[in-house]
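Hi there,

I am passing a structure on to you, together with some notes on what turned up in it. Please have a look at it first, and then read on.

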Amino acid sequence: MERYDDLCFADRERMENIRHVGEVSKLILEDGVITLTTFISQFRSDQQKVRSLFLRGDFLEVYCNSPLEVCTSRDVKGLYQCAAP
């Protein structure tokens, strides 16, 4: 099994992380388990790629729009600060 503990906030790594979440979710769903995932996906193309992995009706996307200041203030791990340009 591949390891993904080296992923960071660079675009390429974020895209790979989203792809990985989608692939694993699909495998779990194929075993008959409803899967909920949460992640930050900044690229619409990544969202579309993940959606294309699933049959119609097996994928539901919920978009939450929150100001950066709110996300940063709730970020107990300091991840937003690490990702700041």
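What percentage of the 85 residues of the protein chain count as buried? The figure is 15%, where buried means under 20% relative accessible area, exposed means over 50%, and partly exposed is in between (1.4 Å probe, protein chains only).

Before the details, a word on where the values come from. This is a predicted model, so local features need pLDDT of at least 70 and side-chain atom pairs count only at pLDDT 80 or more, while totals for chains, interfaces and linings use all residues. Residues are numbered from 1 along each chain as its sequence is written, and side-chain values use heavy atoms, with hydrogens and water left out.

On confidence, pLDDT is the predictor's own score for each residue, from 0 to 100. The protein chain has a mean pLDDT of 83, and 86% of its residues reach 70 or more. Confidence is highest in helix α2, at a mean of 91, and lowest in helix α4 (residues 79-83), at 72.

Now the overall layout. The protein chain has four helices and zero strands, and its elements run α-α-α-α from the N terminus on. Both kinds of element are DSSP runs numbered from the N terminus: helices are H or I with at least four residues, strands are E with at least two. Among contacts in the protein chain with a separation of 6 or more, 45% are between residues 24 or more positions apart. Contact here means heavy atoms within 4.5 Å.

Leaving aside neighbours within four places in sequence, Gln47 is in contact with Ser41 and Glu61.

Ser52 is exposed because its relative accessibility is 58%. The C-alpha atoms of Ser52 and Gly22 are separated by 9.6 Å, with the two residues 30 apart along the chain.

Which residues form an aromatic pair? Phe54 and Phe59 do, and the pair is tilted, with 5.6 Å centre to centre and 40° between the planes. The count comes to one such pair, taking rings of Phe, Tyr and Trp (its six-membered ring) as paired if their centres lie within 6.5 Å, with planes under 30 degrees apart stacked, over 60 edge-to-face and the rest tilted. Phe54 is buried, at a relative accessible area of 14%, whereas Phe59 is partly exposed, at 28%.

How many disulfides are there? The count is zero, a disulfide being a pair of cysteine sulfur atoms within 2.5 Å. For Cys64, the nearest cysteine sulfur is that of Cys71, 9.4 Å away, and Cys71 is likewise in no disulfide. Cys64 is exposed, with a relative accessible area of 64%.

Glu69 is exposed, with a relative accessible area of 60%. Its C-alpha atom is separated by 9.7 Å from that of Tyr80, which is 11 residues away along the chain.

Enjoy exploring!

Best wishes
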